[in-house]
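Notebook open, model on screen. I'm jotting down what I looked up, one spot at a time.

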Amino acid sequence: MEIVGKIKLISEIQTFDSGFRKREVVITTEEQYPQHILVELLGDRVDIINSFSVGEDVKISINLRGREWVNPQGETKYFNSITGWRVEKLMTTPSNYNSPVPPSFQNTEIPSSPTAMIQEDEDDDLPF
């Protein structure tokens, strides 16, 4: 799975007594209702974000993780996490990207009506 968006936050690396390392990255999606998605980078993956900075557009490859935990009262709880394993920089779009006409048609004359696109051929041998 992948998340595409703009880097909002890159946390410092957290190192625990066991030597385990963790880093958090927040990605803001660019859609009608933007979401701020927390992605964890674990172990040797904490360094994959080093060459990126806040504000850059990226695509992060992720795994969804789920785990079960039984608390001291015997209640079962479930937790989810999003773990990143690859980060790619997205290229900026060309200036004519928002053009209503695809680039391959920008210099092509477009007929004024749909019927103008139909060419009448007198030698048409179709039976209908």
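This is a predicted model: local features need pLDDT of at least 70, side-chain atom pairs count only at pLDDT 80 or more; totals for chains, interfaces and linings use all residues.

I started at R86, which comes out partly exposed with a relative accessible area of 38%. My scale: buried is under 20% relative accessible area, exposed is over 50%, and partly exposed lies in between, with a 1.4 Å probe and protein chains only. R86 makes a salt bridge with E88, and the closest N and O atoms are 3.4 Å apart. E88 is partly exposed too, at 28%. For a salt bridge I need a side-chain nitrogen of Lys or Arg within 4 Å of a carboxyl oxygen of Asp or Glu. I also noted that salt bridges with shared partners join K6, E30 and D57 into one network.

Residues are numbered from 1 along each chain as its sequence is written, and side-chain values use heavy atoms, with hydrogens and water left out.

Next, the other charged pairs. How many salt bridges does a search of the whole structure find? I get eight. One of them is K6 with D57, at 3.2 Å from N to O. K6 sits in strand 1 (residues 2-10) and D57 in strand 5, so this pair ties together parts that are 51 residues apart in sequence. Strands here are DSSP runs (E, at least two residues), and they are numbered from the N terminus. K6 is partly exposed at 31%, and D57 is partly exposed at 27%.

I also looked at E24 and K22, which form a salt bridge with the closest N and O atoms 3.6 Å apart. Is each partner buried or exposed, or in between? E24 counts as partly exposed at 21%, whereas K22 counts as buried at 17%.

Contact means heavy atoms within 4.5 Å. E12 is in the loop between strand 1 and strand 2 (14-15), and it is exposed at 66%.

Back towards R86, by way of I48. Which residues does I48 contact, leaving aside neighbours within four places in sequence? The list is L41, W85, R86 and V87. I48 is in the loop between strand 4 (36-42) and strand 5 (57-70), and it is partly exposed at 25%. I48 and V87 are 39 residues apart in sequence, yet their C-alpha atoms are 6.8 Å apart in space.

Then S81, in strand 6 (residues 76-89). S81 is buried, with a relative accessible area of 11%. Beyond four places in sequence, S81 touches E40, N63, L64, R65 and R67.

The whole structure has two aromatic pairs. The ring centres of W69 and F79 are 6.4 Å apart and the planes are at 55°, so I log that pair as tilted. W69 lies in strand 5 and F79 in strand 6, so the pair ties together parts ten residues apart in sequence. The rule I used: rings of Phe, Tyr and Trp (its six-membered ring) pair if their centres lie within 6.5 Å, with planes under 30 degrees apart stacked, over 60 edge-to-face, and the rest tilted. W69 is partly exposed at 44%, and F79 is partly exposed at 40%.

Methods:
Helices (H or I, at least four residues) and strands (E, at least two) are DSSP runs, numbered from the N terminus.
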